[in-house]
Amino acid sequence: MTGTRPGRTAATKQKLFDAALKLVGERGAAGVTVDEIAAEAGVAKGTVYYNFASKDALVDALLRHGVELLAARLRVAEGEAETEQAMESLVDGMLGFFAEYPAFGQLLVSELWRTPGQWHGTLSLLRDDIVSIVRGQMQRLSDEGRLPEGVQVGTASAALFGTLLVVALDWQVFQPERSLADVREAVLLLVRGLRPAL
């Protein structure tokens with residue numbers, strides 16, 4: 001009798017995530033079948049069902065996995081002593097993540113704005129996780145008197161998250177020739193221009 005192989009299972013799940021992300025990013029979750037995900041991952045269809053109860057469960061897990069990776073990158077800002085460096089860490093974390101995983105950005109945008117979306121409940125919770133990390137840094141700006149008068153922390157947090165998400169997607173889809181450094185600097189100039197100098 002053989003035991004489970006956690007390393008092999010994790011590697012298989014990662015192959016399935018990668019395959020699903022590629023296909024779902026290209027065509028949307030509704031336009032992809034389990035057969036296509038299995039073929040792209042180079043595994044049998046049964047392997048998908050062994051690891052996930054359904055395609056929907058796979059997409060749900062994929063969304064959670066991607067947001068966990070993104071959140072880990074954004075949390076680097078929490079360790080920055082200076083507010084300016086914290087904001088740069090947020091920008092670097094988001095843009096770097098979407099440079100590495102452009103299909104996830106497409107999936108996130110398409111599913112966040114689909115009404116009503118099948119994964120709306122999951123995405124609402126995941127969006128809240130990400131925005132709460134951004135909110136922590138915006139609260140620091142507010143506490144230092146660095147947000148413009150009348151701008152609420154919640155609004156500024158959602159605006160920065162949305163800006164970074166859309167800029168990253170626009171960069172990947174419409175302006176792939178631009179460098180990460182160029183896009184980063186443009187976003188930081190925008191962020192700096194919306195508040196008093198740091």
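Domain bounds, as used here, come from an automatic or database domain assignment. On that basis the chain, a predicted model, divides into domain 1 (1–52) and domain 2 (54–192). The centres of the two domains, taken over C-alpha atoms, are separated by 26 Å. Along its principal axes, the C-alpha trace of the chain spans about 65 × 40 × 35 Å.

The secondary structure comprises 9 helices and 0 strands.

The size of an interface is often expressed as the accessible area lost when the parts come together. Here domain 1 and domain 2 bury about 1300 Å² between them, and 79% of this area is on carbon and sulfur atoms. Three residues, Phe-17, Leu-21 and Phe-52, supply 42% of the area that domain 1 buries against domain 2, more than any other three residues. In terms of contact, 16 residues of domain 1 and 15 residues of domain 2 take part.

What polar and charged pairing is found across this interface? On the side of domain 1 that touches domain 2, at least two residues each are supplied by α1 (6–27), α2 (34–41) and α3 (45–51). Of the elements on this side, α1 gives the most, with 7 residues. By residue class, the side of domain 1 that touches domain 2 consists of 13 nonpolar, 3 polar and no charged residues.

An unreviewed UniProt entry assigns the feature "domain: HTH tetR-type" to residues 10–70. In the model, this span of residues 10–70 is 80% helix and 0% strand, and its end C-alpha atoms lie 19 Å apart. The unreviewed UniProt entry also lists residues 33–52 as "DNA-binding region". Residues 33–52 are 75% helix and 0% strand in the model, with the end C-alpha atoms 14 Å apart.

Charge pairing remains to be described. Side chains of opposite charge can pair when their charged atoms come close. With a cut-off of 4 Å between a side-chain nitrogen of Lys or Arg and a carboxyl oxygen of Asp or Glu, the count comes to 13 salt bridges. One of them joins Glu-88 and Arg-184, whose closest N and O atoms are 3.4 Å apart. Because Glu-88 lies in helix α5 (residues 83–100) and Arg-184 in helix α9 (residues 180–193), the pair ties together parts that are 96 residues apart in sequence.

Notes. Residues numbered from 1 in each chain as written. Predicted model: local features only at pLDDT ≥ 70, side-chain atom pairs only at ≥ 80, totals over all residues. Heavy atoms only, no water. Contact = heavy atoms within 4.5 Å. Buried area = accessible area lost by both parts, 1.4 Å probe. Helix = DSSP H or I, 4+ residues; strand = E, 2+ residues; numbered from the N terminus. Nonpolar A, V, L, I, M, F, W, Y, C, P; charged D, E, K, R; others polar. UniProt positions renumbered as here; feature names shortened; annotations may be inferred.
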